[in-house]
Amino acid sequence: MKKPIAGLALAAALALPSVAVADEDAKLIINGEIELVTETEPAAHLDGALRSVRSGWTFRTTETQALQMDDFDNPGMIFVDQALDSFETVDGAAGKSCASCHEDPAEFEGLRAQLPKYNEEAGEVWTMEMYVNNCRTERMEAEAWGWKSQPMLNMNALISLQSRGMPVNVAIDGPAQSVWEQGKEMYYTRYGQLELSCANCHEDNYDNYIRADHLSQGQTNGFPVYRLKQANLITQHNRFRGCIRDTRAHTFAEGSPEFVALELYVASRGNGLSVEAPSVRN
């Protein structure tokens, strides 16, 4: 078994029972035909912080890994089916559905691989949720969906699925750079009574265990994720909130500028990995 995290702040968390382990050498091949990149060379901007970049799939148990390898077994695909219904449903004063402007979800191929990205018209970095709600309010004249509402989670999964297998390629230069720098600063900032940063777990101690949890690199190429613990899809901001809360700190809101910046930075750490959404995690 791998060594536990060192540090007084986490000493109480380090009772290490026998746990199932991942097959770190397994290949992620979906439906027997779509092979995804789950390990790759780190981007230059990581400055040697990681030996290689690994998908969270490589840290999960063989049983959890198997769920993602077949769309019939992947519980996240149920929500993709629900989103297909929403895609065709007219909503709002304009009398439009998603399909009124976008004939097929396949039109979104490649979008997830680039997100978050700088939206020139809006003059800010946008996430998937911001693009979806812009279409709803401006084109459909419908109410915006809540950031973690089920329809939003479902549509996120449907659109993200269109990029499955494509390499994450998030731009961090130009007008996005200042937001990326803000996210990077957050990543290395210690929060809460436990005084822990994102990097303490996901850079310094990945592949170690905290209790029965096998710490990953915290890559976001699989989001939205079907999380077995919650029996539902979750977003990056949901996990950001959970991690900061676990440091015993006041956290930021989902959709906040702080979390948009953090999402951009963390996404860039996974450049080169395949989009997996909807993935399956613990």
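A disulfide here is a pair of cysteine sulfur atoms within 2.5 Å. Keep in mind that this is a predicted model. With that cut-off, a search of the whole structure turns up zero disulfides.

Take two of the cysteines. How far is the sulfur of Cys135 from the closest cysteine sulfur? The distance is 7.0 Å, to Cys101, and that is too far for a bond. Cys135 is partly exposed, because its relative accessibility is 23%. Next, Cys198. This residue is in no disulfide either. Its nearest cysteine sulfur belongs to Cys243, 6.8 Å away. Cys198 has 22% relative accessibility, so it also counts as partly exposed.

Now the core. The largest nonpolar core holds 55 residues. Which members touch the most others? They are Val132, Met155, Ile159, Leu262 and Leu264. Several elements supply at least two residues each, among them α2 (77-88), α5 (128-139), α6 (150-161) and strand β6 (124-126). The biggest contribution comes from α10, with eight residues.

Let's stay with Met155. Leaving out residues up to four places away in sequence, Met155 touches Ala83, Ser86, Phe87, Cys98, Val132 and Trp145.

On to the helix pairs. Packed helices are described by two values, the angle between their axes and the distance between the axes.

First pair: α5 and α6. They pack at about 105 degrees, and their axes are 10 Å apart. That angle makes α5 roughly perpendicular to α6. Who makes the contact? From α5, it is Met128, Glu129, Val132 and Asn133. From α6, it is Met152, Met155, Asn156, Ile159 and Ser160. By class, this contact has five nonpolar residues, three polar and one charged.

The α2 side consists of Met77, Phe79, Val80, Gln82, Ala83, Leu84, Ser86 and Phe87. The α6 side consists of Gln150, Asn154, Met155, Ala157, Leu158 and Leu161.

Met155 is in the contact of α6 with α5. Met155 is also in the contact of α6 with α2. And Met155 is among the core residues that touch the most other members. That's my part. Thanks.

Definitions and conventions: Residues are numbered from 1 along each chain as its sequence is written. This is a predicted model: local features need pLDDT of at least 70, side-chain atom pairs count only at pLDDT 80 or more; totals for chains, interfaces and linings use all residues. Side-chain values use heavy atoms; hydrogens and water are left out. A nonpolar core is a set of buried Ala, Val, Leu, Ile, Met, Phe, Trp, Tyr and Cys residues joined through side-chain atoms within 4.5 Å. Buried means under 20% relative accessible area, exposed over 50%, partly exposed in between (1.4 Å probe, protein chains only). Helices (H or I, at least four residues) and strands (E, at least two) are DSSP runs, numbered from the N terminus. Contact means heavy atoms within 4.5 Å. Axes are lines fitted to C-alpha atoms, for helices over the stretch in contact, and angles run from 0 to 180 degrees between N-to-C directions. Angles under 35 degrees count as roughly parallel, over 145 as roughly antiparallel, 65 to 115 as roughly perpendicular and the rest as oblique. Ala, Val, Leu, Ile, Met, Phe, Trp, Tyr, Cys and Pro count as nonpolar, Asp, Glu, Lys and Arg as charged, and the others, Gly among them, as polar.
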